[in-house]
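Visitor: I'd like to learn how to read aromatic pairs and cavities in a model. Could you walk me through it?

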Amino acid sequence: STSSYAPEPATTHAGPAIPDRVQAPSAYLPDVGSHPVGPVAVVAGGERRAGLVGVHHGLFGISAVDGSYRFLPLAHRYGFDASELVSSGGGQEEVAVSPDGRYVGYWLADDSGDRVVGVAVYDTVRDRLSTRPVASRLGLSPQVLVWAGSDRLVVGYGVITELTSHSMSSTGAGTWVWQPGRPLTRWRAGGDLAQASANPEGVTTYAGADLRTWTTDLRHVGSFRLTGLSRDDGVQTLAVAPGRRAVAAVGTPNHSGAGHLLTGTLPAGSARRQPVPVHRVATPLSVQAVVGWRDPDHVLVRGALHGATGVYAVDARTGTPRRVVAEPTQTWTPGVFYASSLWSSPTARRPGPPSVLDPRLATLAGAGLAGVLLVVVLDRRRRRALG
């Protein structure tokens, strides 16, 4: 029944939590300034305006502690496509939020903003930026950006070898690990990763139907192969449940942009390429992507139901959804990202973003007032001259 799809009741507790609603803030919302917003529960794309006519697209953060909104000072952030509104789905490896919400990793751009030249991490608690440029003649081809635990950023990229106005070619440069404040180190076991996602105990890497699980310190745990996929079910997004008991994935989207939700049980042990049968979960949701797991029995999915977009907790057995976070139908690229360790707690009722007056209105009001005063002064002078 429709009543079973009611939003999850949000709490009012003061501890760190994900808000039950993400709203687009004013384009004139200030940045962090002298009041760091971290740790953050949410990072999302938003339109910013500077001065009277300047427009650009930035990332805002929502505090995990009090729900306050601030734009983040992510200098030289490379945007894959920062010119368009997108559906409420997130970006592809463009931004990575650490599980505890302290760090935001992103690709570092050159001064022109056209090329990727390294990686950067912003500390939302200390309001501090760390950058790691990578020497290259033509720039880097971004591939993987994901946190392994709270302080290890897994970085995969190619080095561009040829670049024209119509084409680009690159060569794989392997996978690297960066702990902020330390040098980049090569992760030889990772090879050239195709895709990766964070899980509560570490990282899951996958290519096609093959996946491998790793601990937070990047020790290999198990290798698996998903079976039972149809020809139409290429894996687009994937997440492993707490305790590595289960896996959820969203397959290739159909013409309307919706995909199939797939789940399977992971066997214990670390045998090479153990088969994992997966099956489709029948759900009324229009599914876009797997976000993670709420608990071992509920998959977190970004999707829409009866026009209501957001993140839903879906019962992995019955497919019954319950919305846990309301998201805008559209948002600026690169989308919405969450501090994953907070999903184990209930969402919290938080205030929306503050209303910030468009400074152009203040300027116009000031100009109008000055005009009125000038008319009054001139009128008085005219009266005195006539009198």
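Predicted model: local features only at pLDDT ≥ 70, side-chain atom pairs only at ≥ 80, totals over all residues.

Visitor: How many aromatic pairs does a search of the whole structure find?

Guide: Five of them turn up. In general, a pair of aromatic rings is described by the distance of the centres and the angle of the planes. Here, F60 and F71 make an edge-to-face pair, at 6.2 Å centre to centre with 85° between the planes. Planes over 60 degrees apart count as edge-to-face.

Visitor: Which parts does that pair tie together?

Guide: F60 sits in strand 2 (residues 54-63) and F71 in strand 3 (residues 69-71), so the pair links parts that are 11 residues apart in sequence. F60 is buried too, at 2% relative accessible area.

Visitor: What about Y338 and W343: how are their planes set?

Guide: Their planes are at 50° and the ring centres 4.9 Å apart, so this pair is tilted. Y338 is buried at 9% relative accessible area, and W343 is buried at 3%.

Visitor: Now the cavity: which residues line the largest one?

Guide: The search finds one cavity of 30 Å³ or more. Its lining is V22, A24, A44, G45, F60, P328, T331 and V336. Strand 1 (40-50) and strand 25 (330-338) are the elements giving two or more residues to that lining. By class, the lining has six nonpolar residues, two polar and no charged ones.

Conventions. Residues numbered from 1 in each chain as written. Heavy atoms only, no water. 1 Å grid on protein atoms, 1.4 Å probe; cavity = no way out; pocket = protein on both sides within 12 Å on 5 of 7 lines; lining within 4 Å. Points joined across faces, edges and corners; volume = space filled by probe spheres on them. Helix = DSSP H or I, 4+ residues; strand = E, 2+ residues; numbered from the N terminus. Nonpolar A, V, L, I, M, F, W, Y, C, P; charged D, E, K, R; others polar. Phe/Tyr/Trp six-rings, centres within 6.5 Å; stacked < 30°, edge-to-face > 60°. Buried < 20%, exposed > 50% of the residue type's maximum accessible area, 1.4 Å probe, protein only.
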